[in-house]
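Dear colleague,

My notes on what was found in it follow directly after.

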Amino acid sequence: MTDQLTFVRNQMLPPQEPPIREAGVVKWLRENLFSGPLNTILSVVGFAIILWLAANIIPWLLHSVWNANSLGECRQIIAATWGEGATGACWAMVRERWHQYLFGFYPMDMYWRPTSAFFLMFVALAPVLYNNLPRKMIWFTAVYPALAFWLLWGGSVWSPVVAMLGFVVMGGVFTLLKDRLGVPLSAGIGFVAAAFWWLVLQGPLASAIHSVLPIGLTSVDSDQFGGFLLSIVIGVTAISASLPMGLLLALGRQSDMLLVRTLSVGFIEFIRGVPLITLLFTASLLLQYFLPPETNFDIILRVIILVTFFAAAYIAEVIRGGLAALPRGQYEAADALGLDYWQAQRLIVMPQALKISIPGIVSSFIGLFKDTTLVAFVGLMDPLKGITQVVRSDINWKGIYWEPYLFAGAIFFLICFGMSRYSMWLERKLKTDHR
Amino acid sequence: MSESAIDRSKMTISDEVAVQITNMNKWYGQFHVLRDVNMTVMKGERIVICGPSGSGKSTLIRCINRLEEHQAGQIIVDGTELTNDLKNIDKVRSEVGMVFQHFNLFPHLTILENCTLAPIWVRKVPKKEAEETAMHFLHKVKIPEQANKYPGQLSGGQQQRVAIARSLCMKPRIMLFDEPTSALDPEMIKEVLDTMISLAEEGMTMLCVTHEMGFAQAVANRVVFMDQGQIVEQNEPVEFFRNPQSERTKLFLSQILGH
């Protein structure tokens, strides 16, 4: 037989179904678990470990006790029902103390305040997280910080209102000067004007209005905050503030202006080079030395500021990675069309860079949220260490070990898992490149 | 593409200067990329710039809309001199359209949004009007049906035609093409060249860096040959290809036409 040297296809082949692979459980098992001696050994050992863990944990969970007044009573019930030597979980502690895990020492008759702040938070977050909702909802998002502050800390309603007006002052000054002085300079002047408003006018103005129109809620002190209330207040505020700050730092780090670049790099490297606990100690102790003695700078606010700085430095680096991944052609196309720097950043660069950075940004957020438990080191009542210590110092619950951590851990897991799922959904939704 | 099919009736060259480049020099660090370039482009001219790689031809047209900065000499585009003044740069950029080798469409925006973005934000055109203009130019480049797709869903040739439409939406007076067909499969080169030819037929001032010598012969009124950052030879296309003067040009032409 000789090979044909010339060949002409007269008929094009139609597409066909791929061959159906042999299916079945046995085949799956053989391929995935027992494909060779090493895999077989690993599978068997793995199963053994899983069985051993289950054998220990499942009875412990099955023997759970929900109704008891102390750890000792729990143990008696378990011993009476399941025999001497049986172990079991004592969830009665959670049943008795869950409110402290959620609210700390917040006054019980005012639980409606943090609860409504919590649920309103979802209304405020919705238009930010989902862009198919009516755009007008964003106005509620804008006033939510003041509303939440007032609900949580109470006091005169006019303090947060006047504080929000500071942002109006900033925006007003910015729009007035933008066309004449350019974006960066007018933003700077706007910020100075707002700072003047907050530091000088805020106090007198708020108390003046309050003396005419006294509307307010009972004040709650920061040291009464605790548990997940504290974690969520710190976490959510720091998350929302650190994203814009990280964005500006990432842009600053790439800036052509030497001073802006040096400051950004210095800030990022300093903050990233220092453990968060150091910053928290700075918040609780050092700031008190530098500030005038009569200033009453709230401890939670101080912690929020430093946690925000910490997260912003990490987010800046994550976003810088996203910026680096953009091809130069995107910048050139934006330039060639005549878009100015801020337009190009907002319309072309940031949408793409942020999309690339979503997994990294959300990782930073999750890390930040879990790091809020570190505030225990500056004497705040975080849900993990702070509240658990309070519970254990009660004679009834002395010696309880696993249950508080499991309970707090489960709530942390739910929140963090939620963030993670949202980020995956967002990534899928924004995927338009069809690569 | 046969020359007879091309309508040269509107391809008139006015005596108005579109781009004036005088004694322009540019360095990349120590490397002298553009050396004493002088060039005058009249309104309505179709200029093809060719030359070996690294000869500075892309850099030259990128200087015209200030994607690259020149260090000495003068560039005047449509009466506006390119200096460090950002206002002048933005003015020139909004009047000069540019088409890139790698299209550089915005992947996160639909085709229609790609075309309306600059008119809306730079020219402050109302959204509806910008969309009508965009659809007009998408019709012109023969892909109106793709308006709501994303760039990643289109073929290379289609993407490049969208890039041309995107530039046209800014109603530019001058169009720059930086090797617009070099990244395309052979089957798609023609559709892009056809679009460029129809643009030339409407009297657009065009500067085009390309190795498509057929296009140069059919459309250009002037071919510029560059080597080592200098303009080595320029002539009208028939003479340029039939009777090149310098040795470098002869060598270059023999290499690109020789196979």
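Predicted model: local features only at pLDDT ≥ 70, side-chain atom pairs only at ≥ 80, totals over all residues.

**Findings: a glutamine in chain B and its surroundings**

B:Gln158 touches B:Ile143, B:Gln146 and B:Glu191, leaving aside residues up to four places away in sequence. B:Gln158 belongs to helix H5 of chain B, which covers residues 156-168. With a relative accessibility of 17%, B:Gln158 counts as buried, because the limit for that class is under 20%.

Helix H5 of chain B also holds B:Val162. The relative accessibility of B:Val162 is 0%, and this residue therefore counts as buried. Apart from residues up to four places away in sequence, B:Val162 touches B:Leu105, B:Ile111, B:Cys115, B:Ile143 and B:Leu154. B:Cys115 lies 47 residues from B:Val162 along the chain, yet the C-alpha atoms of the two are separated by 7.8 Å.

**Cysteines**

How many disulfides does a search of the whole structure find? Over all chains, the search finds 1 disulfide. It joins A:Cys74 to A:Cys90, with an S to S distance of 1.9 Å. The bridge links distant parts of the chain: A:Cys74 is in helix H3 (residues 71-82) of chain A, while A:Cys90 is in the loop between H3 and helix H4 (92-103), and the two are 16 residues apart. The torsion about the S-S bond of A:Cys74 and A:Cys90 is about 70°, so this disulfide is right-handed. A:Cys74 and A:Cys90 are both buried.

Two cysteines of chain B may be of interest to you as well. B:Cys50 is buried, with a relative accessible area of 0%. B:Cys169 is likewise in no disulfide, and its nearest cysteine sulfur, in B:Cys115, is 4.6 Å away. A disulfide requires the two sulfur atoms to be within 2.5 Å, which is the cut-off to bear in mind for the distance of 4.6 Å between B:Cys169 and B:Cys115. B:Cys169 has a relative accessibility of 6% and so counts as buried.

**Backbone of two residues in chain B**

Two residues deserve a look at their phi angles. B:Asn104 has a phi near 55°, which is positive in a residue other than glycine. B:Asn104 lies in the loop between strand S6 (96-99) and helix H3 (111-121) of chain B. Its relative accessibility is 11%, so B:Asn104 counts as buried.

B:Lys124 is not a glycine either, and its phi is positive at about 60°. B:Lys124 is found in the loop between H3 and helix H4 (127-140) of chain B. Is B:Lys124 buried or exposed? B:Lys124 is exposed, with a relative accessible area of 59%.

Chain A contains 16 helices and 2 strands. Its radius of gyration is 29 Å, whereas a compact globule of 435 residues would have one near 22 Å. Along the principal axes, the C-alpha atoms of chain A fill a box of roughly 105 × 80 × 40 Å. Of its 435 residues, 38% count as buried. Chain A exposes about 26,000 Å², and carbon and sulfur atoms supply 69% of that area. The mean positions of its 29 positive and 25 negative charges are 5 Å apart.

Chain B contains 9 helices and 10 strands. Its radius of gyration of 18 Å is close to the 18 Å that the globule rule gives for 259 residues, so chain B is as compact as a globular protein of that length. The C-alpha atoms of chain B fill a box of roughly 55 × 45 × 35 Å along the principal axes. Of the 259 residues, 55% count as buried. The accessible surface of chain B is about 11,300 Å², of which 48% belongs to carbon and sulfur atoms. The mean positions of the 28 positive and 32 negative charges of chain B are 3 Å apart.

With kind regards

Technical notes:
Residues numbered from 1 in each chain as written. Chains lettered and ligands numbered in written order. Heavy atoms only, no water. Helix = DSSP H or I, 4+ residues; strand = E, 2+ residues; numbered from the N terminus. Buried < 20%, exposed > 50% of the residue type's maximum accessible area, 1.4 Å probe, protein only. Contact = heavy atoms within 4.5 Å. Rg over C-alpha atoms; globule rule 2.2 N^0.38 Å. Areas by Shrake-Rupley, 256 points an atom, 1.4 Å probe, with all protein chains shown as cover. Lys, Arg positive; Asp, Glu negative; His and termini not counted. Charge placed at Lys NZ, Arg CZ, Asp CG, Glu CD.
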